[in-house]
Structure formats: structure tokens, C-alpha cells
Amino acid sequence: MEAIITYFETIPTLHRSILLVGGIMFFWFLEGALPLFQFSYKKWKHAWPNLFFTLTTIIINFGLAFLLLKSTDWVAANNFGIINWLPEMPLGLYALLGVLLLDFFGAYLAHFVEHKVKPLWMVHLVHHTDHHVDTTTGNRHHPIESVIRFSFTILGVFIVGTPIAIVFLYQSLSVIFTQLTHANIRMPRKLDKLMSYVFVSPDMHKVHHHYVLPYTDSNYGNIFSIWDRLFGTYMELDRDNIVYGVDVFPDEVANGKIGELLKQPFKKYQKPTIIPGKD
């Protein structure tokens, strides 16, 4: 475990880039071999806006990286945060607890708030208005959302007290799970269900991308499924019944244009519908 922590303390930017690009390529090809849905779309044309937003996310995270480094340096120097206030524990448990809690603040909580605060929901809509969810959808976030997510990660660093090694470990796992859970792949149902007891599985997350409430407001987790189960936001829906998109923003053509997506946060809020008997 010590070797892993040492590696992530100084993980080269090239290695992080390989993880991102390599992951997209791996799941891209896996989607062709084991597709969940047989999409009748031009894969590269669909991917273009998603890859554009992947690039903007990279630029924003790189530009704000100094804040992350300053934050982790401060909590380390001041022995600040939850995991630093607890009794001394094995390094493996320390790292696990750090990643688990960062997953709550940086992913679950951020995601939950984006769904509950109307202006933030309009920003987050860029992610939800993809009508053909695949591995490239995972990084389809408006630049404003990239800043919001980064802010929640910084909040998590201060509250949890995570050193930079655990932050980089968490971010690396987050990239992998984001690509996996959005990938258009058909995992055996029993394996997917078994996985969902601990981690966010592909079928579990795709329920979140169903086009109507209450399913859209469920399964907010990114790495661990514990938070959805603990806070009552876990839901199930047979994957064959899932329809992607958002009910009140059904224009698939507009939802595939970068210009329209960049303007999405500034459009008029549309009240979502709710399935009868499910509200």
C-alpha cells in the first residue's frame, strides 16, 4: 500500500492522461463487442461534443490545480480533517476512508445538490441531455459544472483532510468508474447486481439517466453505492426499459450541438414531469 501511495503522490501528468484516453478507448471498443443498446447513430459525430466538454474539463482542472495542491498542503501541515483526527490506523484503511469520504463530498453531494438547486440543474442538464449514453458521456459537463465539481472536491479535501496522494488516487478511480458506468456495455445482470452492493455498477447508474423523475433523481454515486443506499436515493429500473435524455428537453438535434449546450444553463427552467404513482 505504501508503494501505491508513494506513486500517487507524484503521479506523472502523462500517466493520468493515459488513464483518461486509454479508458475511453478501451470502453469504446468494448461497446462494439458487448453493446447494451444497439444505437443507430454515428458514433464519432455523437462523441464530438462529449469530447469537446472532456477537453474543457481538463483545461479547467489543470488551471485550478494549484488550489488543489495548496489545499492538500495546508491540511497536511495543520493535521486538519476527519481522517487526521481519528486514532492512528493502518495506511490501507486510511487511504480507503479518504477515498470513500472524498467520493461523498466530491461526487455524491455535488451531484445531489446539482439536481436540487434549479440554476445548478440547468448547468448539469448538459450531461443529462445525451440521448445515446456511452463512455464519452461520462465527461460531458458544462465548463461551469467543471468549476462546481472542482469546488466540491476542494471542500472535501478540507473536511476529510486528504493528502494529495489520496486525492490523485480518488480522481484516478473516479475516471475509471465514470467511463465504466456510462459505457454502453451489457454486463451480466447477476454480476452487475453483485457489484452494485459495494460499487456503482453500469446498470445502477444508467437508471439515473432515465428521462423522467423519480429515476433521474436517484443513484447519484460515482464510485461507491453506499451513499445512495444510506441516504435513500437508490432506485432500480430494468435496463431494457431505460430511455435516455430529459423529458422537458427532448430536442435530440439541439442536444447534440456544442453551441446549444453551452447556452443550456441560461435557458428558461422547465418543470419536470413525474411518473404517476412514483412521486
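A salt bridge is a side-chain nitrogen of Lys or Arg within 4 Å of a carboxyl oxygen of Asp or Glu. Keep that cut-off at hand for these exercises, which use a predicted model.

**Exercise 1. Decide what joins arginine 189 to aspartate 240, and where each of the two lies.**

Step 1. Start with the general idea: side chains of opposite charge can pair when their charged atoms come close.

Step 2. Now check the distance. From N to O, the side chains of arginine 189 and aspartate 240 are 2.9 Å apart. The cut-off is 4 Å, and the pair is a salt bridge.

Step 3. Find the two residues along the chain. Arginine 189 belongs to helix α10 (residues 189-195), while aspartate 240 sits in the loop between α12 (226-230) and α13 (258-263), so the bridge ties together parts that are 51 residues apart in sequence.

**Exercise 2. Work out whether arginine 239 and aspartate 203 are buried or exposed, and what links them.**

Step 1. The closest N and O atoms of arginine 239 and aspartate 203 are 2.9 Å apart, and the two residues form a salt bridge.

Step 2. Arginine 239 is in the loop between α12 and α13, and aspartate 203 is in helix α11 (residues 202-208). This pair links distant parts of the chain, 36 residues apart.

Step 3. Both arginine 239 and aspartate 203 are buried.

**Exercise 3. Describe the salt bridge between glutamate 260 and lysine 263.**

Step 1. Here the closest N and O atoms are 3.4 Å apart.

Step 2. Glutamate 260 and lysine 263 share helix α13 and are three residues apart, about one turn of the helix.

Step 3. Glutamate 260 has a relative accessible area of 26% and is partly exposed; lysine 263, with 45%, is partly exposed as well.

Step 4. Now widen the view. The whole structure holds twelve salt bridges, and Glu31, Lys43 and Asp134 are linked in a network of them.

**Exercise 4. Find how helix α6 and helix α7 are oriented and which residues meet.**

Step 1. The axes of α6 (residues 91-116) and α7 (residues 118-128) come within 6 Å and cross at roughly 110 degrees.

Step 2. Angles of 65 to 115 degrees count as roughly perpendicular, so α6 is roughly perpendicular to α7.

Step 3. On the α6 side the contact is made by His111, Val113, Glu114, His115 and Lys116; on the α7 side, by Lys118, Leu120, Trp121, His124 and His128.

Step 4. Sort these residues by type: three are nonpolar, four polar and three charged.

**Exercise 5. Say where histidine 210 lies and what it touches.**

Step 1. Histidine 210 is in the loop between α11 and α12.

Step 2. Its relative accessibility is 6%, and buried means under 20%, so histidine 210 counts as buried.

Step 3. With neighbours within four places in sequence left aside, histidine 210 contacts Tyr215, Thr216, Leu237, Asn241, Ile242, Val243 and Gly245.

Key: Residues are numbered from 1 along each chain as its sequence is written. This is a predicted model: local features need pLDDT of at least 70, side-chain atom pairs count only at pLDDT 80 or more; totals for chains, interfaces and linings use all residues. Side-chain values use heavy atoms; hydrogens and water are left out. Helices (H or I, at least four residues) and strands (E, at least two) are DSSP runs, numbered from the N terminus. Buried means under 20% relative accessible area, exposed over 50%, partly exposed in between (1.4 Å probe, protein chains only). Axes are lines fitted to C-alpha atoms, for helices over the stretch in contact, and angles run from 0 to 180 degrees between N-to-C directions. Angles under 35 degrees count as roughly parallel, over 145 as roughly antiparallel, 65 to 115 as roughly perpendicular and the rest as oblique. Contact means heavy atoms within 4.5 Å. Ala, Val, Leu, Ile, Met, Phe, Trp, Tyr, Cys and Pro count as nonpolar, Asp, Glu, Lys and Arg as charged, and the others, Gly among them, as polar.
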